[in-house]
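Hi,

Here is the structure I promised to send over. Have a look at it first, and then read on for my notes.

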Amino acid sequence: MLIIKDLNVSIQDKKIISGLNLEVKAGEVHAIMGPNGTGKSTLAWAIAGNEAYTITGGSITYRGRDLKELSPEERASEGIFLGFQYPVEIPGVSMTNFIRTAINEQRKYRGLQPIPAPEFLAKMEENKKLVGIDSKLTNRSVNEGFSGGEKKKNEIFQMAMLEPTLAILDETDSGLDIDALKVVANGVNKLRSKDNAIIVITHYQRLLEYIVPDFVHVLYKGRIVKSGGKELALELEEKGYEWLKN
Amino acid sequence: MDNEENSLLDHITQGEYKYGFVTDIEMETAPKGLNEDIIRFISSKKKEPEFLLEMRLTAYREWLKMSEPRWAHLRYKPVDYQDIHYYAAPKKKQELQRLDEVDPELLQTFEKLGISLEEQKRLTGVAVDAVFDSVSVKTTFSETLEKLGIIFCSFSEAVQKHPDLVREYMGSVVPSNDNFFAALNTAVFSDGSFCYIPRGVRCPIELSTYFRINAARTGQFERTLIIADEGSYVSYMEGCTAPMRDENQLHAAVVEIIALKDAEVKYSTVQNWYPGDKEGRGGIYNFVTKRGMCRGSHSRISWTQVETGSAVTWKYPSVILLGDHSVGEFYSVAVTNHHQQADTGTKMIHIGSHTKSTIISKGISAGRSNNSYRGLVKIIKRAQNARNFSQCDSLLLGDQCGAHTFPYINVENKSAIVEHEATTSKISDDQLFYCQQRGISTENAIGLIVNGYAKEVLRHLPMEFAVEAQKLLSISLEGSVG
Ligand SMILES: Nc1ncnc2c1ncn2[C@@H]1O[C@H](COP(=O)(O)OP(=O)(O)OP(=O)(O)O)[C@@H](O)[C@H]1O
Ligand SMILES: [Mg+2]
């Protein structure tokens with residue numbers, strides 16, 4: 001589904017990712033771990049298409065298409081979802097309006113009519129239950145004044161509403177209490193299927209008890225220095241990253 | 001002035017003195033320039049009563065002594081007032097046969113605004129099918145209004161048919177020497193609208209619906225007078241979301257509203273005059289004086305405006321709160337993009353006791369534009385227990401535009417409660433990217449954010465226009481980012 005080859009990414013002429021390779025197949029869950037500031041979010045931004053992150057070499061291919069050709073919104077409509085490490089507040093725009101607009105824009109891209117209101121409302125109800133948020137929250141402006149945990153839940157809620165093919169969750173588990181963590185895991189596990197793929201970026205192996213990954217990668221200084229199965233996460237938790245530095 | 005014009009002018013001038021300046025001179029356009037003879041010419045062409053000619057002349061003489069205001073946060077080339085034709089007989093627009101003869105860019109905008117095909121034709125001057133016969137629509141409305149005793153007609157018609165009302169109320173809110181542009185308008189106004197709602201009558205239709213039919217033909221020096229008699233109500237809509245082009249660069253309109261005891265007037269405007277091109281060439285200069293007077297107790301006037309057009313906007317719809325317990329409201333969204341400049345706001349003058357005013361102003365600036373809010377809240381000594389609440393917000397797109405707030409608060413009575421809030425915010429790249437990542441294009445994201453921001457104002461618009469105005473906001477900001 002996603003093939004990243006020899007990727008180089010810079011921000012303002014500063015090289016953050018250099019020579020990164022990664023392949024994610026449909027049906028797989030990959031976890032990416034690594035110390036702070038090593039380029040995990042940068043990788044996520046590059047896949048999502050943030051212009052501030054310049055691809056200076058290599059390629060990202062998604063379902064056979066070079067992502068270079070697609071704008072961020074086209075990538076989203078092609079099924080790429082990014083759960084933000086720091087969700088953005090948009091004052092004045094209600095969650096309901098926001099998510100309806102997003103769904104309809106994506107449907108338009110795929111040549112579909114806008115979602116019928118009853119269907120939309122039913123879907124809202126279902127997913128609000130799934131992530132345990134109520135109408136009080138969805139009637140508010142996008143992320144405005146949401147608590148840290150509410151913001152993260154809201155990312156999962158949006159993911160559930162948009163039903164992406166490839167979801168990248170950037171530290172969605174950070175700052176969550178144990179119940180909220182389960183909510184996130186539920187959301188992810190619901191999306192999990194043989195047709196979808198998920199990349200979770202996390203610092204904690206705790207999340208991986210609920211979302212069992214097929215692969216764990218360690219990102220260090222802009223490249224993947226070690227890959228393994230779920231047991232690698234445990235090993236990292238025990239030993240830290242020091243032992244990988246050479 | 002060239003020779004031909006000189007001789008024409010001589011001709012008129014002499015005509016005036018020799019023959020008492022009757023209208024047998026077959027002329028459809030007055031020569032360029034402004035002087036007393038031109039004013040007499042306009043007045044006689046329109047067969048106006050003596051008092052109106054006197055009013056025009058007085059205004060003209062006052063105007064000569066005045067100079068163009070320079071205090072606004074605006075920069076533009078000075079207007080050459082002698083280079084304007086002050087009278088042109090209402091020309092019939094050349095009728096096009098089919099919509100595909102119309103500027104495709106204009107049609108695209110109509111499409112985006114969701115304006116019906118028939119209405120598109122009407123607005124662009126294409127011959128209209130019999131099915132949508134604007135004349136018959138008008139007649140139906142007129143009958144409804146007539147039954148209730150509501151007078152709603154062109155200003156010229158009112159001058160002929162209801163001279164007493166015109167005489168009593170015209171200039172009672174905006175005196176002819178009020179300001180440079182108002183004086184000019186009073187001297188040379190061409191036409192406009194007149195509306196009178198009799199005592200106790202609630203106008204059952206949005207006068208917008210009707211007015212829209214005429215909206216495409218507003219003049220350069222428009223004059224509007226609205227009188228709401230005791231206990232009456234009217235909601236009045238001026239303008240149109242469709243982009244308006246006009247070869248006249250200078251527009252100086254005057255709108256006066258009078259609300260008597262217990263009367264309520266809601267005045268909504270959507271202004272979308274040609275703003276000039278992306279480089280700032282061309283565009284309309286819009287210098288408008290709009291003022292309402294809450295004359296009676298418990299009367300109420302509210303201004304709601306959506307300003308997206310014009311190269312230069314100078315406009316302060318105001319309310320004089322004379323009657324006790326009267327209420328004035330101002331809700332405004334002003335958008336500037338590219339090189340547009342707007343200096344707009346309101347004045348709330350509290351004279352009566354227990355008077356109340358609310359000001360909600362939302363400025364949106366993009367491109368290299370400049371957007372200023374200028375507002376005065378004045379509470380005079382005898383105005384016991386007056387209240388004002390003002391909120392002035394600015395939203396910036398990009399970092400080359402400017403937003404400015406000039407609030408003037410002048411309170412002479414200690415019992416007054418005046419609150420002022422102001423915020424400035426920016427649409428950040430992070431916000432736009434967040435939307436894009438959900439599949440929403442930058443342009444739609446801006447539309448979404450801007451409409452959320454302007455919601456408080458838009459909800460005061462008549463329903464049918466609120467939807468169009470929402471789309472208009474997004475369209476006005478197209479090409480402002482990226
Ligand atoms: N906009 C930017 N301008 C300058 N430097 C940036 C910018 N964004 C990221 N960086 C730098 O790039 C490096 C990688 O950042 P990134 O956010 O990808 O790290 P991360 O692996 O996600 O870290 P964390 O675990 O703390 O979230 C860091 O050194 C960071 O300071
Ligand atoms: Mg990060």
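How much area is buried between chain B and chain A, and what percentage of it do carbon and sulfur atoms give? Before I get to that, please keep in mind that this is a predicted model. The answer is about 1900 Å², with carbon and sulfur atoms giving 64% of it. On the chain B side, F433(B), Y434(B) and R438(B) lose the most area to chain A, and together they make up 39% of what that side buries. As for who takes part, the contact draws on 30 residues from chain A and 17 residues from chain B.

Counting residue pairs in polar contact between chain B and chain A gives 13, with both residues at pLDDT 80 or more. In terms of elements, α11 (429-437) and α12 (442-458) of chain B each supply at least two residues of the side that touches chain A. The largest share of that side comes from α11(B), with seven residues.

From α12 of chain B I picked out K455(B). Its side chain reaches across to the backbone oxygen of G92(A) at 3.0 Å. K455(B) has a relative accessibility of 45%, so it counts as partly exposed. Within its own chain, the C-alpha atom of K455(B) sits 9.5 Å from that of V333(B), although the two are 122 residues apart along the chain.

Over in chain A, have a look at the magnesium ion (ligand 2). S41(A), through OG, and Q85(A), through OE1, coordinate this ion at 1.9 to 2.2 Å. S41(A) belongs to helix α1 (residues 40-48) of chain A, while Q85(A) is in the loop between β6 (80-83) and β7 (90-94), so the pair ties together parts that are 44 residues apart in sequence. Are these two residues buried or exposed? Both S41(A) and Q85(A) are buried.

Just after α1(A), G49(A) takes a positive phi of about 95 degrees.

Back to chain B as a whole. Chain B has 13 helices and 18 strands, and buried residues make up 59% of its 482 residues. Of the contacts in chain B with a separation of 6 or more, 83% are between residues 24 or more positions apart.

One helix there that I looked at is α3 (residues 50-65) of chain B. Its 16 residues reach 23 Å from the first C-alpha to the last, close to the 22 Å expected at 1.5 Å a residue. The buried residues of α3(B) include F51(B), L52(B), M55(B), Y60(B) and W63(B). Which helices do the buried residues of α3(B) pack against? They pack against α2 (36-45), α7 (155-161), α8 (163-169) and α9 (180-188) of chain B.

Cheers

Key. Residues are numbered from 1 along each chain as its sequence is written. Chains are lettered from A and ligands numbered from 1 in the order in which they are written. This is a predicted model: local features need pLDDT of at least 70, side-chain atom pairs count only at pLDDT 80 or more; totals for chains, interfaces and linings use all residues. Side-chain values use heavy atoms; hydrogens and water are left out. Donors are N, O and S atoms within 2.8 Å of the metal (3.2 Å for Na, K and Ca); water is not among the atoms, so sites may look incomplete. Helices (H or I, at least four residues) and strands (E, at least two) are DSSP runs, numbered from the N terminus. Buried means under 20% relative accessible area, exposed over 50%, partly exposed in between (1.4 Å probe, protein chains only). The expected span of a helix is 1.5 Å times one less than its number of residues. Contact means heavy atoms within 4.5 Å. Buried area is the accessible area (1.4 Å probe) that two parts lose on being put together, summed over both. A polar contact is a pair of N or O atoms within 3.5 Å; within protein, one must be able to donate a hydrogen and the other to accept it, and residues adjacent in sequence count only if both atoms are side-chain atoms.
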